[in-house]
Amino acid sequence: MNLDFSQIVPYVPFILEGIWATLKFVSVSIVFGLILGIVLALCKITKKPFIKWLADAYTSIFRGTPLILQLWIIYFAVPQLTGYDIEIFLSAVLAFGLNSAAYVSEIIRAGILAVDKGQTEAAEALGVPYKPMMINIILPQALKNILPALMNEFITLTKESALVATIGYMDIMRRAQIVGADIYRNFEPLLLAGVIYWVMIFILTRLGSAVERRMRQSD
Amino acid sequence: MISTQDITKKFGDNTVLKNITATIGQGEVVAVIGPSGSGKSTFLRCLNLLEQPSSGKVWFQDQEITNSKINKMEIRKNIGMVFQHFHLFPHMTVLENVTYAPIKVKKLKREQANEVGKELLAKVGLTDKEASYPNRLSGGQKQRVAIARALAMDPDVMLFDEPTSALDPEMVKEVLDVMKDLTQTGMTMVVVTHEMNFAREVADRIMFLDDGKLMEEGEPESFFMKPKTERAKDFLDKVL
């Protein structure tokens, strides 16, 4: 056993700064993915074949290829094509948001389909138009049922976020890597990074349970 | 008020409604009865276009609503509907259920909608339940909320789709009583029902459907005492 934590002590603040970097891009990605996922889910349940096909094709592509590949294409390959030098943060959010939307759309689609058809009929019979019906009546009920599945997706996204280290985004993972290279010791900084990720997921899980409890108020 | 002209409804190869022509007058209470699978509910659902007839026309207040240019939502504002399985919004309180459509669709102010909502809940005897969620209510209470919810839009006609069929027997009366009260206000009502006594006592007219066809219609007394068709006789023998 050759563990020595004293050496990384000066680097701890440096690694901790990564929490903010990770949180910032993960939360933007989650919101982006959720909104796009809802739109895609609505496209999937329309009766218009072309729109449906588009949404299905989107899901097929983003679920059918590795996330790291999508990230690299956006960061390394797209500039070659367009000449636009994309920022690290923007490419990370794009890759994770677009990818997450594919998964979220499937979860939400299932959630919407699981809401009793009578709810739609009751709203229609009252003359409620499509948009408020979806926003006020169908989606709240769907979200309540799929919250555990959504939480799972958010947790996965948070952990997978470590992939952005590969394009040089200064998140927890990348900082741990840098410290490791600096002090020629990898175990300690990686262990610290692992603990930070675990605590973040733990808090996220608790938040999810709290939201779930609130939504079950009407039960 | 509402009339249908030769409406037919097909689901695939299955023809559920066959050339039904009927008129429901202002203030009239019409009971639609018949064996299950006879197309009663489908007929009712064609009246507010929850089902689009395969052919034929539906008229509501001198407008042909089966015309594709008509905004269905505009029409439905004026046609209240009560379902067999209530379909209350489970994530809203009783009062929110009643006030949601007036606020969203009729753009009423919340205070105003609450006032109307509370008044209606008082009418159906559920003042003490306004803050409860639907799953805290009994079936009869749920259906009374559903009636209040439909009435909150101040509709010109109310459609009832077997409103008591999903209820425990001891709760049927409270719902029928509310409906009876409603007939006193002059509301135009179309009621699909298996409650023969209610139909006989409350309806101005009976429509008897069988196998998708309007077999017979008439005043309750004559229909129940001297049905004209064999099918109606048969049916009444079985249910009375």
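Predicted model: local features only at pLDDT ≥ 70, side-chain atom pairs only at ≥ 80, totals over all residues.
Strand S1 of chain B covers residues 2-11, and strand S4 of chain B covers residues 55-60. Five bridges join S1(B) to S4(B). The two strands run antiparallel. They belong to an open sheet of four strands in chain B, with the order S2-S1-S4-S5. The pairing in this sheet is antiparallel. Its edge strands are S2 (14-24) and S5 (63-64) of chain B, each of which pairs on one side only. Strands of a sheet pair through backbone hydrogen bonds, either parallel or antiparallel.

A UniProt annotation, from an unreviewed entry, reads "domain: ABC transporter" and covers residues 2-236 of chain B.

**Chain A, a chain of helices**

Chain A has eight helices and zero strands. From the N terminus on, its elements run α-α-α-α-α-α-α-α. The C-alpha trace of chain A spans about 70 × 50 × 25 Å along its principal axes.

UniProt, in an unreviewed entry, gives the annotation "domain: ABC transmembrane type-1" for residues 19-208 of chain A. For "transmembrane region", the unreviewed UniProt entry lists residues 20-43, 55-78, 84-104 and 190-209 of chain A. The table sets out values for some annotated stretches of chain A.

| Stretch | Helix | Strand | End C-alpha atoms apart |
|---|---|---|---|
| Residues 19-208 of chain A | 84% helix | 0% strand | 19 Å |
| Residues 20-43 of chain A | 100% helix | 0% strand | 34 Å |
| Residues 84-104 of chain A | 81% helix | 0% strand | 29 Å |

A salt bridge also ties parts of chain A together. Arg175(A) forms a salt bridge with Glu17(A), and their closest N and O atoms are 3.6 Å apart. This pair links distant parts of the chain. Arg175(A) sits in helix H7 (residues 172-183) of chain A, while Glu17(A) sits in helix H1 (residues 12-44) of chain A. The two residues are 158 residues apart. Over all chains, the count comes to 19 salt bridges.

**Where the chains meet**

How many residues of chain A are in contact with chain B? There are 21 residues of chain A in contact with 25 residues of chain B. The size of an interface is often given as the accessible area lost when the parts come together. Chain A and chain B bury about 1,900 Å² between them. Of that area, 61% is on carbon and sulfur atoms.

One salt bridge is found across the interface of chain A and chain B. It joins the side chains of Glu121(A) and Arg45(B), at 2.7 Å from N to O. Five residue pairs are in polar contact between chain A and chain B, with both residues at pLDDT 80 or more.

Which elements of chain A give two or more residues to the side that touches chain B? They are helix H5 (117-125) and helix H6 (130-160) of chain A. H5(A) supplies the largest share, seven residues. By type, the residues on the side of chain A that touches chain B divide into ten nonpolar, seven polar and four charged.

Conventions:
Residues numbered from 1 in each chain as written. Chains lettered and ligands numbered in written order. Heavy atoms only, no water. Contact = heavy atoms within 4.5 Å. Buried area = accessible area lost by both parts, 1.4 Å probe. Salt bridge = Lys/Arg side-chain N within 4 Å of Asp/Glu carboxyl O. Polar contact = N/O pair within 3.5 Å; in protein donor to acceptor, adjacent residues only side chain to side chain. Nonpolar A, V, L, I, M, F, W, Y, C, P; charged D, E, K, R; others polar. UniProt positions renumbered as here; feature names shortened; annotations may be inferred. Pairing = 2+ DSSP bridges.
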